[in-house]
Amino acid sequence: MTHTNPLLQPWDAPFQLPPFATTRPEHFEPAFEAAMAAHRAEVDAIGNDPQPPTFENTVAAFDRSGRLLNRISGMFGNLCSSESSEALRAVERRMAVPLAAHHSAVSMHEGLFRRIDALMEKRRQLGLTGEQVRLLERLHLNFVRAGALLRGPAQERFRNNAQRLAQLSTAFGQNVLHDESSWSLQLGEGDLAGLPDFVRDAGRRAAAERGQEGYAITLSRSSIVPFLTFSQRRDLRETAWRAWTTRGEHGGEHDNRPLIGEILQLRKEQAQLLGYATYADYALADRMAREPAAVHQLLDNVYDRAKRALVHERAALDEVRSAAGDTAALEPWDWRFWSEQVRQRHYALDDAEIKPYFPLDAMVNAAFDCAQRLFGLRFNLRTDLPLYHPDVKAYEVVDAKGASVGLFLHDNFARPTKRSGAWMNGFHWQNRNGGTVQPVIINNNNFAKGEPTLLSFDDVRTLFHEFGHGLHGLLSDVTYEELSGTSVLRDFVELPSQLFEHWMAEPEVLRRHARHVVSGEPIPDALIARIQAAGKFGQAYETVRYCASAIVDMAVHVHPDPASVRDWPAFEAQVLQERGLPAAVGINHRLPHFQHLFAGGYAAGYYVYLWAEVLDCDAYDAFREAGDPFAPAVAERLKRCIYASGNTMEPSLAYEAFRGRAPRIEPLLEHKGLLEPV
C-alpha cells in the first residue's frame with residue numbers, strides 16, 4: 001500500500017498541495033499508521049540521542065519532526081469539515097483513539113521530555129535568540145500540560161482520558177453535522193410571504209441540491225437567519241427556530257446530551273490530575289486571562305451593560321409591534337423579524353435594498369484590496385491547481401516585490417457535506433526550520449449560493465473576519481512551525497480576525513467596492529449613512545446572546561462536580577434564568593450543539609471573542625488617531641507586531657509593541673453603544 005498510497009508519495013503539486021484527485025477514504029488509515037510510525041521513530045531518535053541535549057538536536061529537531069503526519073492530518077481534517085462523506089466519517093471515528101494515543105505517547109516520552117526539561121533549566125545560559133527561548137518555553141509547557149510530569153497510574157489515567165475525549169469530541173461534531181445535513185424546511189409558493197428575492201433564490205437552489213421541489217430552508221446560518229428575519233409566517237419561523245436550536249438534542253444515536261456530561265467529567269479529571277481545581281482553571285492558566293475571575297469580570301461588565309441597553313431595543317420592537325396590531329407574546333423566533341421592521345421604519349434600512357450592493361465576488365475583491373493597501377499583498381487567481389471541490393478557488397499570494405508568499409484557498413458556499421459555521425485552517429504552515437515552507441491557508445464560509453450570490457452586511461463581516469485569520473497565517477514570518485501563524489494563545493487569536501472586520505465598514509472601502517450588482521453604481525452616501533446610523537441598533541441583542549453563551553461555557557467548566565448533573569440543558573436553563581436572560585432573546589449556542597466547546601477547542605474559551613474585541617477596537621483606534629484607515633506606518637507596525645510575529649512573544653508584549661501601551665476597554669463599549677453616563 002505504501003507504494004500505491006498517494007498520501008505517502010511526494011506531494012509534487014505546486015505549493016505541495018495534497019493529492020486530492022487520487023486520494024480515497026481508504027488511503028487515510030494506512031497513511032496515518034505509517035506517518036505515526038515515522039513520527040515515533042523521529043521522537044525516539046531525539047529522545048535517545050547519546051549526545052548531550054542542545055537546542056538544535058532536541059528542540060529544533062522536535063519542531064521538524066512529524067511533518068508527514070502533520071500534512072496528512074491537515075488534509076484529512078479539512079476534508080472532514082469541508083467535504084465529508086460517510087466513509088470519511090467512519091475513518092474519523094476509527095482514528096480518533098489511535099491519534100490521541102499517539103499524541104499522548106509523544107507528550108509523555110520520557111527521554112524527549114528529560115532533554116527538553118534539562119534545556120529549560122539552563123535556557124538563559126544557552127545564548128538563544130528570543131524566538132528560540134519562546135519555542136523552548138512553549139514546548140516545555142505543552143509537555144507539562146499534556147501529562148509529561150505524571151507517573152504510574154496517574155499518567156495512565158490521563159492517557160486513557162485523552163483517548164476517550166478524542167472519541168467523544170469526534171462523535172459530538174458528527175452528530176451535529178448529521179442533524180444539520182438531514183433537516184430542511186420545504187416551502188411552497190404559498191409559504192414565501194415576506195421573503196425577498198435573494199432568500200427565494202437561495203431556497204430554490206438549496207431545494208434543487210437536495211432533489212426537492214420548490215424551496216428549502218436549511219440550518220446553514222446564511223439560510224436560517226434571513227428566513228427568521230423576513231418570513232411573515234410566524235408558524236414556519238417557529239418550526240425553523242426549533243430545528244436550529246435543538247441540533248444535537250434529539251433522542252437516538254445522534255443525541256449529544258449523554259456526551260456532554262462525560263466530556264465535562266473527563267476534563268475535570270484531567271485538570272485535577274495536573275493540580276487544578278477545575279478545567280477552567282487549567283485552560284485559563286495558558287491564556288491572557290490567566291484565571292476565571294478575569295473572565296467573569298469582563299463578561300459581567302459587558303453583559304450587564306448590554307441587558308440595560310436591551311430594554312431600549314425591546315421598547316423599539318414593542319412600538320412597531322403595537323402599530324402593526326401584534327398582541328402575541330414576543331418569542332425567540334420573533335425577535336429578528338420585528339428587529340428588521342424597526343430597521344426599516346426607524347432607519348429606512350432593508351436587507352433587500354442593501355444586499356445588491358454586496359455581491360460575493362466584489363466583497364472578496366474588497367478584502368483582497370484592503371490586504372494590498374495595508375500589507376502589499378496581491379491575490380492572483382490560479383485555475384490550474386487540483387482542488388477538492390468545484391466551489392473552491394485558489395489564489396497565489398505575492399508581496400509588493402512580486403515574491404511568492406503562499407497559497408490562499410477560498411471555499412465559500414454551504415453544502416450538505418460541509419459543517420456549519422465559518423473557519424480558517426491550513427494545509428501547510430509557514431516556517432524556515434529545515435527548509436522554507438510556504439503557507440497554504442484556507443477560509444471556509446457557508447454562504448447560500450445564488451445567481452449571483454449576494455451577502456448581507458453580517459455576511460460581509462464574516463468574510464472579512466475569516467480573511468483576517470487567513471492573513472494571520474499567510475503573513476507569518478517565523479522560523480519554527482510550532483510558533484507559526486495562528487499558533488497563539490486562544491484569547492489572542494481572534495485579534496487579527498476581528499480587527500480586519502473594521503475595514504469592511506469603512507466608507508472609503510464601501511464606495512470603492514460596494515457596487516450595485518445590476519447597475520454597477522456605487523453605494524450611495526445616503527445609504528452608507530443610514531447603515532452607520534443603524535449600526536448600534538441590535539448590538540445589545542447580539543451582545544446579550546453572545547455573553548450568555550460564554551457565561552454558560554464558564555459555568556459548566558467551573559462546575560465542582562459534573563458527574564452530579566443529570567440534565568445539562570436544564571442546567572443551562574437554570575444558569576440563564578439566574579443571570580436574568582430575557583426569554584425572547586435566547587443564546588448563540590445551546591450546549592447540545594455547542595461545537596466550540598465540545599468539538600472545536602474553545603472549552604472554557606468562548607469568552608475569547610469579547611476579550612479580543614477589547615483589543616481590536618482599541619487597535620483600530622490607532623488608525624483613527626493617524627487620520628487614515630490605511631496609514632502606512634501603523635500598517636507596517638501592525639504587520640510586524642501582530643500578523644507576522646506568530647507566537648514568538650507574549651501576546652500582551654506583542655500588543656504593546658504595536659500600540660505603545662496596554663489596551664483600554666472604552667473603545668469596545670463605544671463601538672457597541674454600551675458607554676453609559678457617569
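Start in helix α26 (residues 651–659), where Tyr 655 and Phe 658 sit 3 residues apart, about one turn of the helix. Helices here are DSSP runs of H or I, at least four residues, numbered from the N terminus. What you're looking at is a predicted model, so local features need pLDDT of at least 70 and side-chain atom pairs count only at pLDDT 80 or more, while totals for chains, interfaces and linings use all residues. Residues are numbered from 1 along each chain as its sequence is written, and side-chain values use heavy atoms, with hydrogens and water left out.

Tyr 655 is buried, at a relative accessible area of 1%, and Phe 658 is buried at 1% too. Buried means under 20% relative accessible area, with a 1.4 Å probe and protein chains only.

A search of the whole structure turns up 40 aromatic pairs. Rings of Phe, Tyr and Trp (its six-membered ring) pair if their centres lie within 6.5 Å, and planes over 60 degrees apart count as edge-to-face. Tyr 607 and Trp 611 are an edge-to-face pair, at 6.1 Å centre to centre and 85° between the planes. Tyr 607 and Trp 611 are both buried.

Now for the serine. Ser 549 belongs to helix α21 (residues 539–557), and it counts as buried because its relative accessibility is 0%. Leaving out residues up to four places away in sequence, Ser 549 touches Ile 587, Asn 588, His 589, Phe 594 and Tyr 606, where contact means heavy atoms within 4.5 Å.

How values were computed. Helices (H or I, at least four residues) and strands (E, at least two) are DSSP runs, numbered from the N terminus. Buried means under 20% relative accessible area, exposed over 50%, partly exposed in between (1.4 Å probe, protein chains only). Rings of Phe, Tyr and Trp (its six-membered ring) pair if their centres lie within 6.5 Å; planes under 30 degrees apart count as stacked, over 60 as edge-to-face and the rest as tilted.
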